[in-house]
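Subject: Structure handover

Hello,

Please find the structure below.

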Amino acid sequence: MAGYSLSLIKQVNQTAFTPFTRLAMKAIEHDVSIVEIAEHLEVSRTAVYAWFLGKYEPSDDKFNKLEKYLERM
């Protein structure tokens, strides 16, 4: 599971459903790590965790880039 803890998975599943949490669930399902996402989007791992948990939303550019990246999975 790409290093995803059960705690994080549970938190993501309990976060209000948004387009980004949908992508977070897809990343978890396809075993795409936080590190891989952060490197691909050129952001910090902390930013990705915050997005996954609904604390912040990524810019439209980052969202679209991640959506396209995960579509290839």
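Here is what turned up, helix by helix.

The model is predicted: local features need pLDDT of at least 70, side-chain atom pairs count only at pLDDT 80 or more, and totals for chains, interfaces and linings use all residues. Residues are numbered from 1 along each chain as its sequence is written, and side-chain values use heavy atoms, with hydrogens and water left out.

Helices here are DSSP runs of H or I, at least four residues, numbered from the N terminus.

H1 and H2: their axes come within 10 Å and cross at roughly 150°. Axes are lines fitted to C-alpha atoms over the stretch in contact, and angles run from 0 to 180 degrees between N-to-C directions. That makes H1 roughly antiparallel to H2 (over 145 degrees). In the contact (heavy atoms within 4.5 Å), Ile9, Val12 and Asn13 of H1 meet Ala24, Met25 and Ile28 of H2. By class, that is five nonpolar, one polar and no charged residues (Ala, Val, Leu, Ile, Met, Phe, Trp, Tyr, Cys and Pro are nonpolar; Asp, Glu, Lys and Arg charged; the others, Gly among them, polar).

H3 (residues 34-41) and H5 (residues 60-71): the axes come within 10 Å and cross at roughly 125°. Glu36, Ile37, His40 and Leu41 in H3 meet Lys62, Lys65, Leu66 and Tyr69 in H5. This contact has four nonpolar, one polar and three charged residues.

H4 (residues 45-52): Val48, Ala50, Trp51 and Phe52 are buried (under 20% relative accessible area, 1.4 Å probe, protein chains only). They pack against H1, H2, H3 and H5. Gly54 follows H4, with a positive phi near 75°.

Best regards

Notes: Helices (H or I, at least four residues) and strands (E, at least two) are DSSP runs, numbered from the N terminus. Buried means under 20% relative accessible area, exposed over 50%, partly exposed in between (1.4 Å probe, protein chains only). Angles under 35 degrees count as roughly parallel, over 145 as roughly antiparallel, 65 to 115 as roughly perpendicular and the rest as oblique.
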